[in-house]
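Okay, thanks everyone for coming. Let me put the sequence and the model up, and then I'll talk us through some contacts.

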Amino acid sequence: MADGRDTRSPISAAEVVLLCWNVAGRVRVLARQLERVVELAPDLVCLQEVSRSTAPIWRSGLIEHGFSHVLMAEAAAGARPGRLSVLTAARDPLSPVEIAGLPWSERALAACHRGVEYVNLHSPISASPGLVKVLTHEGIHAHLAGRGGPRVLCGDLNTPRREHANGEVWTFARTKTGRLREERGERWDRAELALIKGLQRHGFRDAFRERHGPAVREISWKWARWDGGYRLDHLIVSAEVGVDDVRYLHEWRIEGLSDHSPLLARITRAGSLAPS
């Protein structure tokens, strides 16, 4: 499974293999990206940074290979559509769920799959205008915290800046030394923490940290010109959802298919839960 090939043992209908990946809007390697996704044979695919030019290719390619249910987030009526969006595809039916109040609605998509709500998110970067990133994190937190039933948040959350072995995290509201940046402030800090830490009081867990512990250091995005990077891609799950396995497929990033490593997870007990 670590090398991106489908080496899974048979699974029950109650388990869902999820592939979550920021594909970086790349055109030249899209055929290879699609090939890898198809070879892996997941049940559910959540993609970020699908562009207007790559969306038709992703949609038709996934449908051709058995992902007959494809949803893509759209810009709000009257809003100028952004260049990038998110796409969710599955072999089983998907029921869209509305997320209210987001500044860029094309960056998040919620859908119910086998009784579990999956929120596929591509958070705006910190350099986005105004409080777009803050409002996005606040909106997604309100959506997840205000609902019941099994829920999963996955995608490129563009945070945190640093994770410590004691479980503390620093957001991009802080400098590399941990000082709160005056131009961003406490609201920005709370907003980024809202998805990584703030959902814990509502029963959510960081699935990767739960399985691998706080001391494991992995990055899912790497700077092109130096060895540093961040773990920006996450799987946050509610108390009703079990995760049997979760890992990053770093080989796909190292190969140059994207600047992000895909996140691969085995979601358990999903099939036995009623829709929220």
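Start with Ser95, which stands opposite Cys112 in β6. This is a predicted model, so a quick note on what counts: local features need pLDDT of at least 70, side-chain atom pairs count only at pLDDT 80 or more, and totals for chains, interfaces and linings use all residues. Residues are numbered from 1 along each chain as its sequence is written, and side-chain values use heavy atoms, with hydrogens and water left out.

Back to the strands. Strands pair if DSSP finds at least two bridges between them. Strand β5, residues 95–97, and β6 pair in the antiparallel sense over three bridges. On the β7 side, β6 and strand β7, residues 116–122, are antiparallel too, over six bridges. Leu109 is the residue standing opposite Asn120 in β7. And β6 and β7 make a hairpin, with two residues between them; Arg114 in that turn has a positive phi of about 50°.

Buried here means under 20% relative accessible area, exposed is over 50%, and partly exposed is in between, with a 1.4 Å probe and protein chains only. Ala108, Ala110 and Cys112 point one way from β6, Leu109, Ala111 and His113 point the other way, and all are buried.

Cys112 brings me to the cysteines. At 14% relative accessibility, Cys112 counts as buried. Its closest cysteine sulfur is in Cys46, 13 Å away, so that's too far for a bond. What about Cys20? The closest cysteine sulfur to Cys20 is in Cys154, at 3.8 Å, and that's also too far for a bond. Cys20 is buried as well, at 2% relative accessibility. With a disulfide taken as a pair of cysteine sulfur atoms within 2.5 Å, the count comes to zero disulfides.

Okay, charges. There are 16 salt bridges in the structure, where a salt bridge is a side-chain nitrogen of Lys or Arg within 4 Å of a carboxyl oxygen of Asp or Glu. Take Glu138 and Arg187, whose side chains meet at 2.9 Å, N to O. Glu138 is in helix α3, residues 132–145, and Arg187 is in helix α4, residues 185–196, so this pair ties together parts that are 49 residues apart in sequence. Buried or exposed? Glu138 comes out partly exposed at 28% relative accessibility, and Arg187 counts as partly exposed at 36%.

Next one: the side chains of Arg209 and Glu163 form a salt bridge at 3.1 Å, N to O. Arg209 sits in helix α5, residues 207–212, and Glu163 in strand β9, residues 162–163, so the pair ties together parts that are 46 residues apart in sequence. Both Arg209 and Glu163 are buried.

Glu163 also has a salt bridge to Arg231, at 2.9 Å, N to O. That pair links distant parts of the chain, since Arg231 is in the loop between β13 (229–230) and β14 (233–237), 68 residues from Glu163. Relative accessibility is 15% for Glu163, which is buried, and 3% for Arg231, buried too. Which residues end up in one network? Glu163, Asp206, Arg209 and Arg231, joined by salt bridges that share partners.

Last stop, the rings. I'm pairing rings of Phe, Tyr and Trp (its six-membered ring) if their centres lie within 6.5 Å; planes under 30 degrees apart are stacked, over 60 edge-to-face, and the rest tilted. The structure has five aromatic pairs. One of them is Phe172 with Tyr230, edge-to-face, 5.0 Å centre to centre and 80° between the planes. Phe172 is in the loop between β10 (169–170) and α4, Tyr230 is in strand β13, and they're 58 residues apart. Phe172 is buried at 12%, and Tyr230 counts as buried at 15%. Together, Phe172, Trp221, Trp223 and Tyr230 form one aromatic cluster.

And two charges over rings, meaning NZ of Lys or CZ of Arg within 6 Å of the ring centre and within 35 degrees of the ring normal. Arg91 lies over the face of Phe67, 4.1 Å from the ring centre, and the charged end of Arg184 sits over the ring of Trp188, 4.9 Å from its centre.

How values were computed:
Helices (H or I, at least four residues) and strands (E, at least two) are DSSP runs, numbered from the N terminus.
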